[in-house]
Amino acid sequence: MIAKSSSLARRVAVASAIGTTIEWYDFFIYGTAAAVVFAPQFFPQVSPFAGTLASFATFAVGFIARPLGGVVVGPFGDRIGRKSTLVWCLFLMGLSTFGIGVLPNYASIGLWAPLLLVSFRFIQGFALGGEWGGAVLMSVEHAPESRRGLFGSFVALGLPAGIILSNLVFLVVSSAVTPDQFARWAWRIPFVASAVLVAVRLFVRLNLAESPVFAEVQRAQSQKRKPVVDVLRTHGRTVFLAAASYLGISATGYLVIVYFVSYATRILGFPLGSTLALLQVAAIVFAASIVYFANNADRIGKLRVMRWGCAGLILASLLFFPLIDTKSLGLAALSLCFMLLVQGSYIGPQAAVFAEAFPASVRYSGASLSITMGTIFGGAIAPLLATALYGATGNSWPITMYAVVLSAISWMCSLHLKDSE
């Protein structure tokens, strides 16, 4: 019986990782496109600098929508189940990504182009905000109690896997066509391909069993009518501290994943292919570190490992841009790998820590609110703010100080989080 339960837990964890990988693929191809092609495609009426700012502003819209997705979708996950909620989020994400791929540009439909782009991006963020909590809970609630960190990390693996997949697709497409062809039409291929991936996601999600923890909540008829209100009233401090502990990770994560592409190609003069290849290498390190730290966190303490990650992030933030600014590909690779290695020590046990911080009846809402609030005040504005800071000063030190301060705040807040149940 125990072997059967462990086998089911592994199958659910792997399925959740596959589904989440594709969700992050959809989300990250937007970030790469925002850094490389959206400015001339959808904001040609302004200067290149203003166009880049506008592109990153639309990128931020997805993060602004994430808390709304967590607030709206979370209660459904707490009332009707984790599995059904994930399927609906799947459709929203896939359809919005495909919509971006076939969206006419500014030259074709004028102001409607950026307006529709923002709308599709909002739907992407809404879907991802609702999806994360469900994927985490499906993995953690199926897992043996002593292995929740490891099994929860499978969902976190979707993050680096999504980076690798999205960058790989962009790398292949950009290498197969001329720069002019890529800028005019080939950038759409990664978005349109999402239509095929919808079928994969649907198959994966529909073949998952419902969480046994939620099934017990249903049997006991202990679902909350207003889980968001209940979790904020009874566990508001935990939501705040968990979200704040994620600020630095979220901000530096999107400085690496999104802003680095723009910074390296536009400011440092790195070729796009080399830039994406650097991210691929760093993402592999990220994936390995997630599994390593999650596995060890089950033995030595999940929250303790998360705190180490927050502390290490202060040093990584201090070194990140100075190493990249040398314009050495080797040092840039070292900087990226060190940053994502440190991030893995937080991200690995995060899923289990956030899930276990809340009772089952409000767990979907609590975990979703924590991750999305941390993201909107961290990652959502990081590429936009970094672009503005560099534009105002002409150097990266203000961005470094911004990252260091957020990392220090996260570390201090992580110290006040209580050990999970």
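Where is the place of Lys-327? I found Lys-327 in the loop between helix 15 (302-324) and helix 16. I take helices (H or I, at least four residues) and strands (E, at least two) as DSSP runs, numbered from the N terminus.

A note on the ground rules: this is a predicted model, so I numbered residues from 1 along each chain as its sequence is written, and local features need pLDDT of at least 70. Side-chain atom pairs count only at pLDDT 80 or more, totals for chains, interfaces and linings use all residues, and side-chain values use heavy atoms, with hydrogens and water left out.

**Lys-327.** I looked up the phi of Lys-327 and got a value near 65 degrees, positive in a residue other than glycine. Most residues other than glycine have a negative phi.

**Whole chain.** I counted 19 helices and 0 strands in the protein chain. Of its 421 residues, 58% count as buried (under 20% relative accessible area, with exposed over 50% and partly exposed in between; 1.4 Å probe, protein chains only).

**Helix pairs.** I describe two packed helices by the angle between their axes and the distance between the axes. My axes are lines fitted to C-alpha atoms, for helices over the stretch in contact, and angles run from 0 to 180 degrees between N-to-C directions. The axes of helix 15 and helix 16 come within 8 Å and cross at roughly 155 degrees. That makes helix 15 roughly antiparallel to helix 16 (over 145 degrees; under 35 counts as roughly parallel, 65 to 115 as roughly perpendicular and the rest as oblique). Their crossing is left-handed (the near helix is turned anticlockwise from the far one by less than a right angle; clockwise is right-handed).

Next I checked helix 14 (residues 272-300), which packs with helix 16 at an angle of about 30 degrees, the axes 7 Å apart. Helix 14 and helix 16 are therefore roughly parallel to each other, and the crossing is right-handed.

**Ser-345.** Staying with helix 16 (residues 329-356), I picked Ser-345. Is Ser-345 buried or exposed? Ser-345 is buried, with a relative accessible area of 7%. I saw its side chain reach the backbone oxygen of Val-342 at 2.6 Å. Leaving aside neighbours within four places in sequence, Ser-345 is in contact (heavy atoms within 4.5 Å) with Phe-293, Val-305, Met-306 and Gly-309.

Notes
Polar contact = N/O pair within 3.5 Å; in protein donor to acceptor, adjacent residues only side chain to side chain.
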